[in-house]
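Let's take a friendly walk through this model together. Have a look at the sequence and the structure first, and then we can go from the whole chain down to single residues.

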Amino acid sequence: MGFMSRFAANKGALVGLVLLIALLAFAVLGPWLYPTSPWRMVARPFTAPFVTDRFLLGTDTLGRDVAAGLVHGTRISILIGFVSTLVALLIGVPLGALAGYFGGWIDDALMRITEFFQTIPSFALAIVLVAVLQPSIYSIVLAIGIVSWPPVARLVRGEVLSLRTREYVQAAITVGQSTLRIIFSQVLPNTVAPIIVMASLMVASAILLESSLSFLGLGDPNLMTWGYMVGAGRTRLMDAWWISFFPGVAIFLTVLALNLVGEGLNDALNPRLSRGRE
């Protein structure tokens, strides 16, 4: 039973994949669907949704098109989610590999650093970092990457600890391969499956964290995001519910899709679960 067959056996994962593809399509086609700026005031404020074809999802407190903001926000949220996850992997994977492969005092030192970051609430640390660096897409990506790498390091360390005693690693040591070559050519390729699964879940967490920062006014002031839209409409929930509702649904569906895909990847890439189903 191959990877695609195992993934397709998980119906929830297929639903998540369809949702994710639809969101990526909106992100790519956004500039063509809504070529004008999402900040542009196009109608009177508080136009209700589904009243006119021109503004299908209504307008916000300043008369901006909610649908335009939603589509443009898709690009920003997905971009921040993937790039910040990449930053976290670039930090966590090498540190975890070094700690697991060398062990001893190197392992102790790197794990103490990892534990230090884990003792600090990630959301609070992200707020401090973004506030100090000034809110921008770059500071948000960096902050999310910095608060997200410790679980990656611990995961990779555990995988490397179990792999470093394998026969092919010992054989590479015997023939005189360098330590870095052994780590990057023999050890890390065998940790790809759990890293991919964790990364899919980290993207969802990153999108939630970015939305929370934007909700608090710490998002990039030049970019329309879902979190900003939710925050902008929170004071008018009773009489203009659609301003916060539609971006909130977008966040929910994106996080749900990524979690479903992550669960499907875990089932498909974990041979023990696969054999159990077969």
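## Surface and overall build

How much accessible surface does the chain have, and what share of it belongs to carbon and sulfur atoms? The accessible surface comes to about 14,100 Å², and 68% of that belongs to carbon and sulfur atoms. Keep in mind that this is a predicted model. Along the principal axes, the C-alpha atoms fill a box of roughly 75 × 50 × 30 Å.

Of the 278 residues in the chain, 45% are buried. If you take the contacts with a separation of 6 or more, 70% of them join residues 24 or more positions apart. As for charge, the chain carries 18 positive and 14 negative charges, and their mean positions are 2 Å apart.

The average pLDDT of the chain is 90, and 97% of the residues score at least 70. Where pLDDT is low, the predicted coordinates should not be read in detail.

An unreviewed UniProt entry places the feature "transmembrane region" at residues 12-34, 76-102, 123-149, 195-219 and 240-261. Two of these spans can be set beside the model. Residues 12-34 are 96% helix and 0% strand, with end C-alpha atoms 31 Å apart. Residues 195-219 are 84% helix and 0% strand, and here the end C-alpha atoms are 28 Å apart.

The unreviewed entry also places "domain: ABC transmembrane type-1" at residues 74-262. In the model this span is 81% helix and 0% strand, and its end C-alpha atoms lie 20 Å apart.

## Two loop residues with positive phi

Most residues other than glycine have a negative phi. Phe50, which is not a glycine, has a positive phi of about 65°. Phe50 sits in the loop between helix H2 (11-33) and helix H3 (66-102). Is Phe50 buried or exposed? Its relative accessibility is 55%, so Phe50 counts as exposed.

Gln134 also has a positive phi, near 75°. This residue lies in the loop between helix H5 (122-133) and H6. Gln134 counts as exposed because its relative accessibility is 52%.

Ser139 belongs to helix H6, which covers residues 137-163. With a relative accessibility of 5%, Ser139 counts as buried.

Ala172 itself is part of helix H7 (residues 167-174). Its relative accessible area is 4%, so Ala172 is buried. For a sense of distance, take Ala172 and Glu115: they are 57 residues apart in sequence, and their C-alpha atoms are 32 Å apart in space.

Definitions and conventions
Residues are numbered from 1 along each chain as its sequence is written. This is a predicted model: local features need pLDDT of at least 70, side-chain atom pairs count only at pLDDT 80 or more; totals for chains, interfaces and linings use all residues. Side-chain values use heavy atoms; hydrogens and water are left out. Buried means under 20% relative accessible area, exposed over 50%, partly exposed in between (1.4 Å probe, protein chains only). Contact means heavy atoms within 4.5 Å. Accessible areas come from the Shrake-Rupley method with a 1.4 Å probe; for residues, only the protein chains shown count as cover. Lys and Arg count as positive and Asp and Glu as negative; His and the chain ends are not counted. The place of a charge is taken as NZ of Lys, CZ of Arg, CG of Asp or CD of Glu. UniProt positions are given in the numbering used here, feature names are shortened, and annotations may be inferred rather than shown by experiment. Helices (H or I, at least four residues) and strands (E, at least two) are DSSP runs, numbered from the N terminus. pLDDT is the predictor's confidence in each residue, from 0 to 100.
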